[in-house]
Each structure stands twice: as structure tokens, then as C-alpha cells.
Amino acid sequence: MVATCENVDFDLKLDEFKINGYVVFDDMIPHEKLDCIREAFMPLVEHIKARDTEVSNVETGDVRVGMGRQQFKNRYTVTIPWVEPFADPEIYEHPVMLEFLDRYWETDEYVISCYHSNNPYPGSEIQPWHRDTGLAKYIPHVGLENCPVVGVKFPLEDTSEENGSIEVLPSTQYLADPSMEGRYNEVLLRGSFPSSQRLNLKKGSMWVQDVRMLHRGTPNLSDTVRPELVLCYCRSWFSIGQTVEMPCSTYHALSDKGQKMLLRRRPVEWD
Ligand SMILES: O=C(O)CCC(=O)C(=O)O
Ligand SMILES: [Fe+2]
């Protein structure tokens, strides 16, 4: 059974998110949908894996064939093309997720600013502890109650200690001491931080990540890739300098809500 707004305790989910810096929603996406996405996704990530034998700082390639990079050894990022089966309104307009975001930001003025993925393969290694934002540098000493950008993530399979489930250090999203930025990995490896935990997720779940919360990818010890897709939702007044590419015809076919959330798309011509 897929989660509906009627069977979610949004007040509790918001409290969990504000306290922990992440929140998990189970049973959000039917397994068959994820299987279709996985089938379409594999050629993209395999293309990048075959092409990129070196670690790189920049993503390259055509998004429809495989735009991405080897981010760390055997760990690939892939930009997701805005085409079926990836661009599915039952995912990016998921009523439970939009209701959650409307309540979190107390407005529906937000946009989708990226569609991306994180994909550790067997042989990947532990990542440095990090945040996915430089907010504490741009707005030092202010632990904003609401983060203007969040990642909405969904794995295509169960994630586990074996296949490289993410490790998080809950409640670190409000840290805003700029002198600590760039030192987190060193500090966390040396000190004692017993509240860190692995997020072992069930296939079908979606989770929201406050991009300020400290986290790291872990080694994939299984024999197959562990893909996780991420949609970035961002307040309309904020920018992370990224946008989704799509042809005008695709944009005009979106729902009113879809058009509002993808107002910042980059028009491209695809034949
Ligand atoms: O895929 C993961 O488990 C974490 C990846 C991550 O945090 C990143 O690359 O920024
Ligand atoms: Fe990250």
C-alpha cells in the first residue's frame, strides 16, 4: 500500500525532521515503478562507469546517454534526464512529499532545482564526512531553523550495511561555526560521536535530507551497484546554481504544479 496524506502524521514527521535533520517516509513508491526506473537507469550509470576511469570534479556527457562522473573510487554521480520513467509526477509531485514541504516551508513557493543520483559500486570506499551545502560559510553563525534547500532521496533497492547505506550524524544541521567547515572529517574521525547511525532504508521509501546535516557514503560490499536518486527542492528565493534541462514541449506538457516547480528549467532542443 502506498502512503497517502491521510495515513501520515505530518506534525510528527516535521518534528523528526527538525530535530534529526532527516526524516523517512516508508511505502511511497511502488516497487514495479522502481524496477522500471532501475532498468532505464543502468545503461546511464554503466556508460559513465565504462567511460570514466579516473576520478573527476566535473560531470560530463549528454544527460540522455549518461552525464556524470566518477566522484570517488567506484562511486559515480549521474544526472537524471527529465524523461520517462524518471520524470514521473507520481514521484516529483508525490502528494505526501509536497504536503510535507508545504508545511515545512509554510508556503508552496519552491522549485525543483536538480535531479541527480549517488551510486556506490562494489569497491567503493568510505566518503569523508561532509555537508552538501556551504550555507555555514555564506551565512556564518546562523543556524537557520528552515533550510532553504532539501534533498528528497529514494533508493532503487533496499539499502543496508552490506550495500553501502548512508551514515548520518543526526542533529548537526544547525551547526554554523565557519571555523569548523572543512574540518568535519578530521574531527569526526578523531573524536567520539556515538550518535552516528546508518540509514538502512526499505525499497519504496523516500527520505528528506537537510543538506546541512553531516553524513558520508559507506563502502558497498555487495556484488551490485546501490543507486539512489535525489530531487532537490529549493525555496524560490534561493539558488544552488543548478537546474533541470528539458525541451519546451516537455515543460508545456507538465501539470500547473509541475510548471511552477520547474519554472527554472533550462530549455534544450532534443530531437
Ligand atoms: O550515496 C550516499 O550514500 C552518500 C553520497 C553523498 O553523500 C554525496 O556524494 O554527497
Ligand atoms: Fe553528501
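Select Lys 153 and Trp 207 in this predicted model: Lys 153 stands opposite Trp 207 of strand 8. Extending the selection to the two strands shows strand 5 (residues 149-155) and strand 8 paired in the antiparallel sense over four bridges.

Next, select Tyr 22 and Gln 209. Tyr 22 stands opposite Gln 209, which belongs to strand 8. Here strand 1 (residues 22-25) is the partner, and its pairing with strand 8 is antiparallel, over four bridges.

Now display strand 8 by itself, residues 206-210. Are its residues buried or exposed? Five of the five are buried, so the strand is largely enclosed by the rest of the structure. In a regular strand, side chains alternate between the two faces of the sheet. On one side of strand 8 are Met 206, Val 208 and Asp 210, and on the other are Trp 207 and Gln 209. Both faces are covered, with each of these residues buried.

Move to the open sheet of three strands, whose order is 7-6-9 and whose pairing is antiparallel. Strand 7 (197-198) and strand 9 (214-216) stand at the edges with a single partner strand each, so one side of each has no neighbour in the sheet. Select strand 6 (residues 167-169) together with strand 9 to see an antiparallel pairing over three bridges. Within this pairing, Leu 169 has Leu 214 of strand 9 as its bridge partner.

Ligand 1 is the next stop. Which residues lie around ligand 1? They are Gln 71, Asn 118, Pro 120, Asp 132, Ile 166, His 215, Gly 217 and Glu 228. By class, this shell comprises two nonpolar, four polar and two charged residues.

For the helices, select helix 1 (residues 10-20) and helix 4 (residues 95-105). Their axes come within 10 Å and cross at roughly 65 degrees, and the crossing is right-handed. Helix 1 contributes Phe 10, Lys 13, Leu 14 and Phe 17 to the contact, while helix 4 contributes Glu 99, Phe 100, Arg 103 and Tyr 104. Colouring these residues by class gives five nonpolar, no polar and three charged.

Then select Arg 51, a residue of helix 2 (residues 31-51). Arg 51 has 14 C-beta neighbours inside 10 Å and therefore counts as partly exposed.

The remaining stops concern backbone geometry in loops. Select Glu 84 and Pro 85: the peptide bond between them is cis, with omega near 0 degrees. Pro 85 is located in the loop that runs between strand 3 (75-79) and helix 3 (89-92).

Go on to Asn 74, in the loop between strand 2 (67-72) and strand 3. Its phi is near 60 degrees, a positive value in a residue other than glycine. Why does Asn 74 count as partly exposed? There are 18 C-beta neighbours inside 10 Å of Asn 74, and a residue is buried only if it has 20 or more, and exposed if it has 12 or fewer.

Finish at His 141, located in the loop between helix 5 (135-138) and strand 5. The phi of His 141 is also positive, near 70 degrees, again in a residue other than glycine. With 8 C-beta neighbours inside 10 Å, His 141 counts as exposed.

Terms used:
Residues numbered from 1 in each chain as written. Chains lettered and ligands numbered in written order. Predicted model: local features only at pLDDT ≥ 70, side-chain atom pairs only at ≥ 80, totals over all residues. Near = placed C-beta within 6 Å. Nonpolar A, V, L, I, M, F, W, Y, C, P; charged D, E, K, R; others polar. Pairing = 2+ DSSP bridges. Axes fitted to C-alpha atoms, helices over the stretch in contact; angles between N-to-C directions. Left-handed = near helix turned anticlockwise from the far one by under 90°. Contact = placed C-beta atoms within 7 Å.
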